[in-house]
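Subject: Structure handover

Hello,

Here is the structure I promised you.

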Amino acid sequence: QVQLVESGGGLVQAGGSLRLPCTASGSIASINAMGWYRQAPGKQRELVARIASGGSTNYADSVKGRFTISRDNAKNTVYLQMNSLKPEDTAVYYCNYQSLITPLSVMFWGQGTQVTVSS
């Protein structure tokens, strides 16, 4: 089992910035991926950004150039730096962890943190 603890959400004006940290604990695989997904009201949960333990990243097209994902493997912590926020970024953001050692391994989720961007 893996537990994820998120923080950093809040209310910010359009054009502002927020940083979302997430720390994983428990049975952490040596090769894994951590990331952030988001879900706006009435919409499906979507990938925002993901980073593997080796450092490779992928981003949703809608956040490229504005958001940066990074991680500290020693602390099992991933960070999502969100700049130039837009009202359409408003959503509940969920931290995610997945082992990459076993194919189709279970994904673990945090409890979610609300990000609200006002226009």
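A contact here means heavy atoms within 4.5 Å. With that in hand, take the contacts in the protein between residues at least 6 apart in sequence: 55% of them join residues at least 24 apart. Please keep in mind that this is a predicted model.

**Overall picture**

The protein has eleven strands and zero helices. Along the sequence the pattern therefore reads β-β-β-β-β-β-β-β-β-β-β.

What does the radius of gyration say? The protein comes out at 14 Å. That agrees with the value near 14 Å for a compact globule, because the comparison is made for 119 residues. Along the principal axes, the C-alpha atoms fill a box of roughly 45 × 25 × 25 Å.

Of the 119 residues, 44% are buried.

I looked at S5 in some detail. This strand covers residues 46-52. Is S5 mostly covered or mostly open? Mostly covered: five of its seven residues are buried. As a general point, side chains in a regular strand alternate between the two faces of the sheet.

S5 pairs with S4, which spans residues 32-39. The two run antiparallel and are joined by six bridges. One place to look is Arg38, which stands opposite Glu46 in S5. S4 and S5 form a hairpin, with six residues between them. In that turn, Gly42 has a positive phi of about 80 degrees.

S5 also pairs with S6, residues 57-59. This pair is antiparallel too, with three bridges. Here Ala49 stands opposite Tyr59 in S6. The hairpin of S5 and S6 has four residues between the strands. Gly55 takes a positive phi there, near 110 degrees.

**Ser56**

Ser56 belongs to the loop between S5 and S6. Which residues does Ser56 touch, leaving out those up to four places away in sequence? They are Arg50 and Ile51. Ser56 and Ala33 are 23 residues apart along the chain, and their C-alpha atoms are separated by 9.1 Å.

Asn76 is not a glycine, yet its phi is positive, about 50 degrees. Asn76 is found in the loop between S7 (67-72) and S8 (77-82). Is Asn76 buried, exposed or in between? Its relative accessibility is 24%, so Asn76 counts as partly exposed. The cut-offs are under 20% for buried and over 50% for exposed.

Ser84 is another residue other than glycine with a positive phi, near 50 degrees. Ser84 sits in the loop between S8 and S9 (91-99). At 42% relative accessibility, Ser84 counts as partly exposed.

**Where to start**

You can follow its six bridges to S4, then its three bridges to S6. After that, turn to the loops that hold Asn76 and Ser84.

Best wishes

Technical notes:
Residues numbered from 1 in each chain as written. Predicted model: local features only at pLDDT ≥ 70, side-chain atom pairs only at ≥ 80, totals over all residues. Heavy atoms only, no water. Rg over C-alpha atoms; globule rule 2.2 N^0.38 Å. Buried < 20%, exposed > 50% of the residue type's maximum accessible area, 1.4 Å probe, protein only. Pairing = 2+ DSSP bridges.
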